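Dear colleague,

I am passing on to you the structure that we spoke about, and below it I have set out what was found in it. Please read the text with the structure open beside you.

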Amino acid sequence: MIYTVTLNPAVDYFVTLDSLHFGEVNRAKKEHKAPGGKGINVSRVLKRLGHESEAVGFIGGFTGGYIKDAVEAESIRTHFVTVDGDTRINVKMKAESETELNGTSPVITADNVRDLEAFLQRLGKGDAVVLAGSLPPSLDKTIYTRWTKRLREQGVAVYVDTSGVPLKDVLSAKPSFIKPNHRELAELVGADIHTPAEAVPYAKELLETGIENVLVSFAGGGALLSTRERTMVANTPKGVVKNSVGAGDSVVAGFVCANAEGMDLPEAFRFAVASGSATAFSTGFADRERVEELKQQVSVTYID
Ligand SMILES: Nc1ncnc2c1ncn2[C@@H]1O[C@H](COP(=O)(O)OP(=O)(O)OP(=O)(O)O)[C@@H](O)[C@H]1O
Ligand SMILES: [Mg+2]
């Protein structure tokens with residue numbers, strides 16, 4: 001079974017206004033709400049690609065209830081640990097420019113963490129876990145590292161998509177897969193990286209730490225996949241970008257889906273990149289038909 005973990009979910013509240021005036025009453029022209037969080041996005045895309053997964057994490061209060069209901073309404077199973085306090089609300093305003101206001105996360109207690117750990121302890125060989133997104137401030141930045149280490153010992157495949165300190169720290173636990181975008185990789189290794197070719201030596205350095213697959217995404221500028229056996233680059237399909245939410249998460253979902261279906265590495269890479277672009281080119285998330293169609297535009301070249 002595939003499990004996605006979202007430790008810091010949010011209710012995303014999208015508002016469109018003609019213009020935004022500070023210090024005044026503003027009226028929304030259009031609005032919608034969605035369950036937010038990178039693990040949750042991976043589960044939602046997996047569903048559209050034809051795979052069951054279980055969304056796991058921490059939720060609280062009426063906002064947490066909304067997230068659980070919205071995810072389950074898409075026929076995705078959940079195992080959320082309930083915490084005191086409300087899951088945060090992130091406001092995304094679109095006027096002349098885009099403004100975001102992220103709410104504060106509820107406090108996660110040691111007991112809450114133990115409850116989730118008890119659940120993860122039951123997983124084993126054949127299972128896959130996706131650890132995705134930021135951490136709430138009350139959790140220590142090594143939590144992904146501890147969990148990855150344990151899960152790997154249990155024989156579970158672990159896909160990690162995060163940034164900053166949690167990403168740097170998790171490397172020592174040898175995740176099966178990481179997917180930094182080029183900015184996250186640049187921050188991680190302390191270098192300027194603008195193209196897949198420039199990322200090659202750094203991706204290889206990461207493999208030496210014991211990670212199996214390093215996929216670096218460059219938005220519309222192609223992608224790099226480095227494994228112990230081969231390193232390859234892919235182009236990204238051409239199209240009109242309609243959505244900036246969840247493209248990276250869709251790459252992760254695409255790669256997890258490809259592995260579950262036993263695709264070989266270049267095919268999995270093509271499928272993952274096409275999944276990212278299918279979301280970028282949609283108003284919502286990728287669907288399987290669009291992914292298969294866009295995959296035809298993606299070619300993979302070995303560079304090592
Ligand atoms: N302009 C674009 N044209 C084609 N594909 C795109 C474009 N922008 C994004 N994508 C697709 O989305 C994937 C992920 O994009 P990006 O590198 O921006 O990830 P990210 O920064 O991790 O995204 P996220 O904000 O979801 O975490 C790319 O590999 C590509 O498949
Ligand atoms: Mg990302």
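In which sense do strand 2 (residues 10–16) and strand 3 pair, and over how many bridges? The two strands pair in the antiparallel sense, over seven bridges, and the bridge partner of Thr-16 in strand 3 is Lys-30.

Before going on, please note that this is a predicted model, in which local features need pLDDT of at least 70 and side-chain atom pairs count only at pLDDT 80 or more, while totals for chains, interfaces and linings use all residues. Residues are numbered from 1 along each chain as its sequence is written, chains are lettered from A and ligands numbered from 1 in the order in which they are written, and side-chain values use heavy atoms, with hydrogens and water left out.

Strands (E, at least two residues) and helices (H or I, at least four) are DSSP runs numbered from the N terminus, and two strands pair if DSSP finds at least two bridges between them. Strands of a sheet pair through backbone hydrogen bonds, either parallel or antiparallel.

Four strands form an open sheet with mixed pairing, in the order 3-2-6-7. Strand 3 (30–36) and strand 7 (98–102) stand at its edges with a single partner strand each, so one side of each is left without a neighbour in the sheet.

A further open sheet, also of mixed pairing, is formed by 10 strands in the order 5-4-1-8-9-10-11-12-13-14. Within it, strand 8 (residues 128–132) and strand 9 (residues 157–161) run parallel and are joined by five bridges, with Ala-128 standing opposite Ala-157 in strand 9.

Helix 2 (residues 61–72) lies across strand 2, strand 3 and strand 6 (88–94), at about 85° to strand 3, where angles run from 0 to 180 degrees between N-to-C directions of axes fitted to C-alpha atoms, for helices over the stretch in contact, and contact means heavy atoms within 4.5 Å. Helix 2 also lies across strand 4 (54–59) and strand 5, running at about 170° to strand 5.

Turning to ligand 1, there are 21 residues around it (each with a heavy atom within 4 Å), and Lys-38, Asn-181, Ser-217, Ala-219 and Gly-248 come nearest. Among the polar contacts (pairs of N or O atoms within 3.5 Å), a polar side-chain atom of Ser-217 lies 2.7 Å from an oxygen atom of ligand 1, and a backbone N or O atom of Gly-248 lies 2.8 Å from an oxygen atom of ligand 1. The elements that give two or more residues to the shell are helix 8 (247–260) and helix 9 (265–280).

Conventions: A polar contact is a pair of N or O atoms within 3.5 Å; within protein, one must be able to donate a hydrogen and the other to accept it, and residues adjacent in sequence count only if both atoms are side-chain atoms.
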